[in-house]
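Biologist: I have the model open beside its sequence. Could you guide me through its sheets and helix contacts?

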Amino acid sequence: RESFDVTDYEWDTEKSSDLGSVTGSSPLTSNLGKRLKAKRISFMKKRLASVSNRLTSVSGEREPAARLDRQDSTALTGLRFISKADGAAGWTAVENRFVEITATSGGLLPRSKFGECIGMDSTDFALELFDALARRRLMTQDTIDGDQLREFWEQISAQSFDSRLQTFFDMIDSDANGRLTEDQVRQIINLSSSTNNLPNIQKRTDEYAAMIMEELDPDNIGYIMIESLETLLSHAETRHIRRDSEGSKKLSHMLSLKLNTTRDPKPLKRWYSGLRHFVSDSLQTTSMYFAIPVAFPACEVLIRPFRSSVSTVTIRKVAIYPGNVLTLHLSRPRNFKYQSGQYMFVTCPTISTFEWYGKMHPFSITSAPQDEDLSIHIKVVGDWTNALKEVFSEVCAPPPVRDNYRDAYNREEMNPCSFPKIMIDGPYDAPAQNYKKYNVVLLVGLGIGTAPMMSIIKDIINNVEAKEHSQFSQMEKGTQRHQQGEKESMKTRKAYFYWVTKDQGSYSWFQNIMNEVTERDTNGVIEVNNYCTSICEEGDVRSVFIRTLQSLNHSKNGVDIVSGTRVMTHFAKPNWKNVYKQIAMDHYGSHVGVFYCGEVSLAEELRQLALEFTHKTETRFSFHKENFYPPDK
């Protein structure tokens, strides 16, 4: 009996099947097969329990069992190989594309065209999916006919999570032995990061693969099984589930019904009702920031060189970030008083001696009024900004190597005189500076358009801390909270900040500010939401491993692998209607200020939603926009 004792799980499916096939030859062989099967099951259960316990200890919360109830759980609804809109109904479109693509190939679809045929624009990912589906069917050819395509489609569009999980496992399991090695995990991380344009994750593939194996293979067996993969996926999914209260769900349902009510059949009444909100908000989004600037450029070009507000500043620090963004930290002139949300003009005489007489170059101020220095973030998109970047790149370039010796170099410790001369003019008013008069604000920045919002969220934290310090001092002195007739300068009690960007490298622009705000915001005044649109939406199989890594690394180290900050990044684009809806529910009857800075494309959608929710709910939304125009245009 001891000679057949199993001390480790080293049995392949084929070996187990062979033992089972001879169970009828003798009682001894039959009992042996049963004992081996029992030991195999026992070992797998212990191993899954070990993985689940390790994940639980990392997050500090009790996680669900490895195998979740498919009927009741919303945790494992992801792993979609096709979009939500596709499925059984999508087959017609796939079939039409098949006919078109194979018109000249005798009805055979080549492997290279599989992604195009099924509507998956990620070529490399589609090729790996094709290979996995072919391996499962022991197919070796690089072409498939219509019947085989239909079979492939039915598998990837299956409603069963177990089926989708098996397909995903097969994609990683390139040698089809039912086990995933660290090298195979490394390959899927590399594929996923490449597909979602995440170069920073791709650079750390080895590190993240080792982290996953450490969690799922604590005994250093050298591989993981499909059950362990499911445990990891379920851990990531359950951390993202938002558990709403019953009251919140009922209110959400009521709002949905109200928002979907039939429009008034009387056109004139409907037009007048909509106009009532549009006029009040627009005269508030537009009058002071549109009418005056029409005549502004002509006279400003002539008088700016003689204005007392034009100042030469000292450059404290220079940085060039991914995504072609140049950051300047400047000394603050003595009489330069500004508010968060305002902007200033910048010139560099090194580029043009008569700069003030020519183009104007406005940039939002990204520092907060309480900061000692000024800072601006400049997106390099045209002739002038490219010239500015070149000037600073030359100054900041390390000295040439001479005699195999390089001097120690630190651009922050450079002689300030070596930097080019910078002059500023301002500050000037902008819509975002009025955020303080609202109890609740929604701040939306698109790409570099988030620049003024960074100043605002820092200002909010500074004001909240100052108010708490003042209240504490008053309590110590026994004085009243407010003197008679004293007005509060900032009304804001809650801020929702949304930054939407398409490049992972963009987060480095304001990484320090975001970390500072999240660390100092002990009262949860600011809700930070980062969205990276290059990543496939949550639930898409192409991003599922990124989400898994993100969840695991954040629970272990407190850092988001996408943004490099403490804030977990969302995938794809926000559902703006749901954003407004949630704010309307959480702040019933409030007046919400919506401030947007970015390209014109998103502004109209946000404005229409502000009007819709103001008209159909008890919460009023006032929309303010600041369109982003490249400084060279």
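Modeller: Let us begin with strand 4 and strand 5, which run antiparallel and are joined by 6 bridges. Helices (H or I, at least four residues) and strands (E, at least two) are DSSP runs numbered from the N terminus, and two strands pair if DSSP finds at least two bridges between them. This is a predicted model, in which local features need pLDDT of at least 70 and side-chain atom pairs count only at pLDDT 80 or more, while totals for chains, interfaces and linings use all residues. Residues are numbered from 1 along each chain as its sequence is written, and side-chain values use heavy atoms, with hydrogens and water left out.

Biologist: Which residue stands opposite Val325 in strand 5?

Modeller: That residue is Tyr321.

Biologist: And what holds strands together in general?

Modeller: Strands of a sheet pair through backbone hydrogen bonds, either parallel or antiparallel.

Biologist: In what order do the strands of this open sheet come?

Modeller: The order is 4-5-8, with antiparallel pairing among the 3 strands. Strand 4 (315-321) and strand 8 are at the edges with a single partner strand each, so one side of each has no neighbour in the sheet. The twist averages 15° from one strand to the next. Angles here run from 0 to 180 degrees between N-to-C directions, and axes are lines fitted to C-alpha atoms, for helices over the stretch in contact.

Biologist: Which helix packs on that sheet?

Modeller: Helix 16 (residues 383-396) does, touching strand 4, strand 5 and strand 8. Contact means heavy atoms within 4.5 Å.

Biologist: Is strand 8 mostly covered or mostly open?

Modeller: Strand 8 (residues 374-379) is mostly covered, with 5 of its 6 residues buried. Buried means under 20% relative accessible area, exposed over 50%, and partly exposed in between (1.4 Å probe, protein chains only). Strand 8 is joined to strand 5 (residues 325-330) by 6 bridges in the antiparallel sense, and Ile376 in strand 8 has Leu328 opposite.

Biologist: Turning to helices, how do helix 5 and helix 7 pack?

Modeller: The axes of helix 5 (residues 123-136) and helix 7 (residues 161-172) are 8 Å apart, at an angle of about 105°. Helix 5 is therefore roughly perpendicular to helix 7. Angles under 35 degrees count as roughly parallel, over 145 as roughly antiparallel, 65 to 115 as roughly perpendicular and the rest as oblique. Among the residues in contact are Phe125 and Leu129 of helix 5 and Met171 of helix 7.

Biologist: And Gln155: buried or exposed?

Modeller: Gln155, in helix 6 (residues 146-156), counts as buried because its relative accessibility is 17%. Leaving aside residues up to four places away in sequence, Gln155 touches Leu133, Arg137, Ser163 and Thr167.

Biologist: Where do helix 10 and helix 19 cross, and at what angle?

Modeller: The axes of helix 10 (residues 205-216) and helix 19 (residues 544-557) come within 11 Å and cross at roughly 75°. Residues that meet there include Tyr208 and Met211 in helix 10 and Phe545 and Leu549 in helix 19.
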